[in-house]
Amino acid sequence: MAAILVISSISLQAQTSTATKKTTGKAAAHKKAPVESPLARQIRELREQMLSQQAQIDALKQQNADKDAKLATAQQSAQDAQAAAASASAKADSLTTTVSTNADAVSSLNSTVTDLKTTNVGLAQTISDTKKTISDELESPLAIHYKGVAITPVGFFAAESVYRQRSLNADVNTPFNATPYPGAAQSNTSEFNFSGRQSRIGALFQANPGPFHFAGYVEADFLGAGASSNENQSNSYVLRQRQIFAQAGTNSGFTVTGGQMWSLVTETKKSTDNRTENLPATIDAQYNVGFSWERQPGVRFQQKIGGFTGAVAVEQAEIIYSATNANANFFIGNAGAGGGLYNLTANYSNNVAPDVIVKFTYDAKYGHFEAGGLGRWFRDRYYPNQTLATPSAAGGTNNTKVGGGFFANVRVPVTHFADFGLHGLGGTGVGRYGTSTLPDVTAHPDGTLEPIKNYQFLGSLELHPQKKLDLDAYYGTEYAQRTTYLSTVGADAGKLVGYAPISSSNAGCGIETLPTTPTSGLGSIGVSGNPPYSPGTAASCLGATRAISELTGEFVYRFYNNPKFGRLQYTMQYSYLQRVGWSGLTSGTFGSATATYGAPKASNNMVFTSLRYYLP
């Protein structure tokens with residue numbers, strides 16, 4: 001622009017000079033052609049150059065404008081192309097997504113088809129198994145269904161035998177406290193008996209209507225004896241009630257059970273549940289010395305909370321009594337009355353209250369634990385005026401004494417192959433709950449009762465070295481304390497009255513005696529005279545039991561065990577039994593400095609065998 005201004009200024013000055021000259025020399029011009037000066041020529045050439053350059057500039061501007069238009073068009077085209085590309089990309093993405101979705105759908109469909117094929121195979125197998133199960137259940141059901149009640153048969157069939165070194169005239173149940181001292185004739189004879197009477201039959205009845213569950217259970221064997229039972233020919237023994245009870249429970253863990261069942265004192269394997277009683281696995285139907293139990297009528301209430309259970313029971317009471325030198329100034333019961341459906345040859349106590357038992361249990365992975373208490377009441381009617389010179393029933397009075405004790409049971413799985421257990425019960429008046437049935441009470445000289453202190457203990461070790469084999473060992477003992485009182489009234493003044501008075505004689509406990517009746521010329525029952533079934537008993541032998549102990553070892557072998565067909569097993573048991581009496585006079589007179597005392601002892605070796613088939 002500056003160059004243009006300079007050129008324009010120069011051009012203007014040239015034009016002005018030329019005009020002046022033209023005006024001045026106007027007339028001369030007509031005469032002679034003008035001569036161009038160098039400066040004018042330069043200016044003219046410069047102008048021509050400028051015009052040419054301007055034309056070039058205009059051309060360049062036009063070219064730039066054309067380029068800008070083309071650039072704009074190109075940019076627009078680029079933008080359109082980008083938009084088209086974005087649209088194409090979007091379409092491509094959409095197509096990719098669609099393809100991916102289709103691929104996923106195809107994969108899912110393939111998977112579904114595969115799963116369906118697998119399911120069909122499994123369903124076919126399930127249908128096959130179900131058909132087989134239904135067929136098996138129809139052919140051999142686990143329970144018989146009657147309306148809404150499931151009935152499950154229970155029991156076993158047994159062929160058993162027992163050998164005793166010293167005869168007891170007993171079947172496969174051993175009356176431990178009757179083991180004879182050496183002075184008894186039967187201590188010198190053995191016995192061997194076969195028996196099928198422990199065979200057991202029964203059934204479990206179950207129903208589950210909504211939030212409740214009901215059950216009934218009955219179990220019986222043939223260890224009862226009727227008036228006509230004997231072994232002369234038919235061996236006809238009667239069916240005996242073992243258990244028969246009804247049960248109702250809720251899903252919250254509360255259960256009530258009523259009827260004849262194992263006492264709550266009896267150890268259980270789980271909680272305080274019926275039918276889980278942990279019995280010594282002996283053939284002997286009296287189990288093992290030291291085992292605490294009863295089977296008797298009662299009502300039981302239990303509540304489970306987690307692994308804990310609390311239970312309380314009221315159960316049938318009965319009194320086992322023993323006393324020496326007692327006055328005939330009291331009674332505790334009577335023989336059974338025919339019209340009352342009790343046994344006419346058995347004694348029954350007049351109970352003032354049922355036995356009350358409370359027990360708590362805890363179940364854990366490392367064992368089962370129990371602790372409880374037992375309360376008992378013993379009543380008699382005594383006559384304080386019976387000891388007068390002129391006896392009189394006037395003043396007869398009822399008297400009640402309270403007894404009871406505590407018990408604990410522990411059962412621990414030492415390993416997968418061994419279980420160890422301890423049991424103990426102790427208190428006053430609890431002898432009846434021991435399997436040896438030592439006495440509960442004795443008597444004071446005035447005729448009132450006195451509970452006897454009793455203790456019971458049992459230890460067990462049960463081994464399972466093989467699936468088919470068990471090896472069991474048990475040791476138990478029971479004890480009854482000497483309980484005596486000095487009489488100070490009447491003709492019996494100065495005598496010791498009660499259980500196992502030391503003033504009683506044990507002098508004849510080791511001396512055998514003759515049978516109590518003649519044995520010559522006598523025939524069977526019904527013929528004049530008595531048959532030779534009255535062996536001699538030790539004379540001058542009180543022999544009140546102080547303690548009884550038993551050591552047992554056995555093996556159990558299961559030949560066959562199948563949930564569908566049942567179990568066949570063989571058991572052999574050996575037991576060593578020892579009975580020790582309280583000391584008493586063996587010579588001299590009680591209170592004399594020359595009197596000597598001794599405690600009688602008796603022992604028995606016993607071997608049992610058993611072959612049983614258990615229902616599945």
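Predicted model: local features only at pLDDT ≥ 70, side-chain atom pairs only at ≥ 80, totals over all residues.
**Entry on Lys401 and its partner.** I then looked up the charged partner of Lys401 and found a salt bridge with Glu450, in which the closest N and O atoms are 3.9 Å apart. I placed Lys401 in strand β15 (residues 397-415) and Glu450 in strand β18 (residues 449-451), so the pair ties together parts that are 49 residues apart in sequence.

**Entry on Lys359 and Glu370.** I turned next to the salt bridge between Lys359 and Glu370, whose closest N and O atoms are 3.3 Å apart.

**Entry on Glu294 and Arg432.** I recorded a salt bridge from Glu294 to Arg432, with the closest N and O atoms 3.7 Å apart. Glu294 sits in the loop between β7 (254-262) and β8 (295-305), while Arg432 sits in the loop between β16 (418-428) and β17 (441-443), so the pair ties together parts that are 138 residues apart in sequence. I classed Glu294 as buried because its relative accessibility is 12%, and Arg432 as buried because its value is 9%, the limit for this class being under 20%. I also followed the charges beyond this pair, and found Glu294 and Arg432 linked with Asp355, Arg376 and Asp440 in a network of salt bridges. For the structure as a whole I noted 16 salt bridges.

**Entry on the nonpolar cores.** I looked up the largest nonpolar core, which has 19 residues, and within it Tyr499, Ile548 and Leu577 touch the most other members. Strands β20 (469-480) and β27 (601-614) each supply at least two residues of this core. Apart from this core I found another, of 10 residues, including Val265, Leu374, Leu425 and Val430.

**Entry on Leu577.** Which residues does Leu577 touch, if I leave out those up to four places away in sequence? I listed among them Phe176, Thr179 and Val289, then Ile548, Ser549 and Glu550, and finally Ala602, Ser603, Asn604 and Met606.

Conventions. Residues numbered from 1 in each chain as written. Heavy atoms only, no water. Core = buried A, V, L, I, M, F, W, Y, C linked by side-chain atoms within 4.5 Å. Buried < 20%, exposed > 50% of the residue type's maximum accessible area, 1.4 Å probe, protein only. Helix = DSSP H or I, 4+ residues; strand = E, 2+ residues; numbered from the N terminus. Contact = heavy atoms within 4.5 Å. Salt bridge = Lys/Arg side-chain N within 4 Å of Asp/Glu carboxyl O.
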